[in-house]
Amino acid sequence: MADPTSRRSLPAQCASNRCRRAARSGVPRRRPAEPDARLCGPCRRALAADLAALPALHHESEQHLVLPARQGGLARVTGHRPDPPPVSDAALEARHDAVVRLASWARLVLDETGAGAPPERTVPALAAFLGRHVRLLAAHPAAGPAADEIARVATALRSVVAPPRPDLVPLGRCVEPGCEAEVTLPERGGDDLVLRGPMCGAGHVLTPRQWLLLNRRQSMSEAEETA
């Protein structure tokens, strides 16, 4: 049975920093926490969803540990052995951080329950263990930090598995005959620009000559507008 005193001490609002919704005044505010908990329903479900997704994300991130040759440059040959392939620091850090953070919260749960042996120090085992104790985490005084930290772990792994694509800059209409799709370039350049150059929404990749034609057409259009 819950202690009435502890129930009164629970916060009225969700303890997670990612909990926001717009009030009528337009000022973001947190949702009310669930009864006997320190998280609102959506944030508690998001915590459970992050824990359920972590094993697959961690497994898939292993495929991104080694950088493609184009990112690390050509391997140097020293003696008769080439240098090892370049490794992604971001992937290493995200994978290591996932184990450390989950193990820390698993230790908190074990200290609270005092039952059972600690789970194996792997992301699948730790995430499954914490997933079985989401209700306890949601009611704990550290519920907010737990939800936020586990969300950051999941976000870091998702960024390794599927890096966010750069914003696209519109360049004008495609120069291919009969195509009216918009041509774009990655805003920050980088590998996408080096690999494919400008491309329209229909999939036409512009050659350097077509790119010059597009620039000339764009310049003429701007000149007509200012005339």
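**Salt bridges and burial**

Analyst: Let's start with Glu149, which is buried at a relative accessible area of 16%. Buried means under 20% relative accessible area, exposed over 50%, and partly exposed in between, using a 1.4 Å probe and protein chains only.

User: Quick check before we go on, what kind of model is this?
Analyst: This is a predicted model, where local features need pLDDT of at least 70, side-chain atom pairs count only at pLDDT 80 or more, and totals for chains, interfaces and linings use all residues. Residues are numbered from 1 along each chain as its sequence is written, and side-chain values use heavy atoms, with hydrogens and water left out.

User: Back to Glu149, which residue forms a salt bridge with Glu149?
Analyst: Arg101 does, with the closest N and O atoms 3.6 Å apart. The two come from distant parts of the chain, 48 residues apart: Arg101 sits in helix H4 (residues 89-113) and Glu149 in helix H7 (residues 143-161). Arg101 counts as partly exposed, at 33% relative accessibility.

User: What counts as a salt bridge?
Analyst: A side-chain nitrogen of Lys or Arg within 4 Å of a carboxyl oxygen of Asp or Glu. Side chains of opposite charge can pair when their charged atoms come close.

User: How many are there in the whole structure?
Analyst: The search finds six salt bridges. One of them joins the side chains of Asp50 and Arg18, at 3.3 Å from N to O. That pair also links distant parts of the chain, with Asp50 in helix H2 (residues 41-61) and Arg18 in the loop between helix H1 (4-9) and strand S1 (21-22), 32 residues apart.

User: Is Asp50 buried or exposed?
Analyst: Asp50 counts as buried because its relative accessibility is 6%. Arg18, at 36%, counts as partly exposed.

User: And where do Arg107 and Asp111 lie?
Analyst: Both lie in helix H4, four residues apart, which is about one turn of the helix. Asp111 is exposed at 56%, while Arg107 is partly exposed at 42%.

User: Which residues do shared partners join into one network?
Analyst: Arg18, Asp50 and Arg158.

User: Switching topic, how many helices and strands does the protein have?
Analyst: Nine helices and seven strands. Those are DSSP runs numbered from the N terminus: helices are H or I with at least four residues, strands are E with at least two.

User: And how much of the protein is buried?
Analyst: Of its 227 residues, 33% count as buried.
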